[in-house]
Amino acid sequence: MNTRVGLPFGMTEANFNSGSGYIAAAAYDGMRVGQGRLVVYLPNVTGQHGDTARFGYGLQHIWTTRPGGHQNEWETLGVTSSAMLTDLIMSALVSHGPVDITRDPARPTNQRRNYASISFAYGSRTYVATNVVIVVSDNGMVITAYPSTNRRNPSTLSAAKELKR
């Protein structure tokens, strides 16, 4: 388990019916009551499939160069590792900022969240990412996350500027 982020107070990995290392991060959902999932988590399932398959959800699904993965898109944006991506995703999920929620008619229990702007810390720097899409299932699990491909409003990643006093 990722001890940088940790599980919400009062929760253990047993709450997720999983073995050690299954959860990359978990937190209370920042969405307002009625839209949120209470707890959101980013699974990091490793060793469940052979090297020939891409896992269907979570960090192993997102951070891969296999067909359907999004690692190349994130790296093009400037995200340098799965740890940095984990911080970005979890910062978005706990934020109370503006987010546009849509649902896929084929999967109505999933929320497709488009975050207009996310600030997150990684290492000794603070970054700002714009137009990030995160899909969350009805049980709070992160299924996938990717930079927006909207040409009118593409994703960006930049180091936050320090405010002058």
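What share of the 165 residues of the protein count as buried? The share is 44%. The model is predicted.

## Overall layout

The protein has three helices and seven strands. Along the sequence they follow the pattern β-β-α-α-α-β-β-β-β-β.

Residues 24 or more positions apart account for 44% of them. The exposed surface comes to about 9,400 Å². Carbon and sulfur atoms supply 49% of that area.

## The nonpolar cores

The largest nonpolar core has 29 residues. Trp-74, Ile-89, Leu-93 and Ile-134 have the most contacts inside it. The helices among them are helix 1 (58–62), helix 2 (71–77) and helix 3 (82–94). The strands are strand 1 (23–28), strand 2 (39–43), strand 4, strand 5 (125–136) and strand 6 (142–147). Helix 3 gives the most, with seven residues.

A second core is separate and has six residues. Ile-23, Ala-26, Val-135 and Ile-143 are included in it.

## Helix 3 and Leu-93

Helix 3 has 13 residues. From first C-alpha to last, helix 3 reaches 18 Å, close to the 18 Å expected at 1.5 Å a residue. The buried residues in helix 3 include Met-84, Leu-85, Thr-86, Asp-87 and Leu-88. Ile-89, Met-90, Ala-92 and Leu-93 are buried too.

Strand 3 (residues 99–104) pairs with strand 4 (residues 107–122) in the antiparallel sense. Five bridges link the two. One of the bridge partners is Asn-114 in strand 4, which faces Asp-100. Two residues lie between strand 3 and strand 4 in this hairpin.

## The aromatic pair

How many aromatic pairs does the count come to? The count comes to one. The rings of Phe-120 and Tyr-127 have their centres 5.5 Å apart. Their planes meet at 25 degrees, so the pair is stacked. The cut-off for stacking is under 30 degrees.

Are these two residues buried or exposed? Phe-120 is buried, at 2% relative accessibility. Tyr-127 is buried as well, with a relative accessible area of 14%.

Note on methods:
Residues numbered from 1 in each chain as written. Predicted model: local features only at pLDDT ≥ 70, side-chain atom pairs only at ≥ 80, totals over all residues. Heavy atoms only, no water. Pairing = 2+ DSSP bridges. Helix = DSSP H or I, 4+ residues; strand = E, 2+ residues; numbered from the N terminus. Core = buried A, V, L, I, M, F, W, Y, C linked by side-chain atoms within 4.5 Å. Buried < 20%, exposed > 50% of the residue type's maximum accessible area, 1.4 Å probe, protein only. Expected span 1.5 Å × (residues − 1). Contact = heavy atoms within 4.5 Å. Areas by Shrake-Rupley, 256 points an atom, 1.4 Å probe, with all protein chains shown as cover. Phe/Tyr/Trp six-rings, centres within 6.5 Å; stacked < 30°, edge-to-face > 60°.
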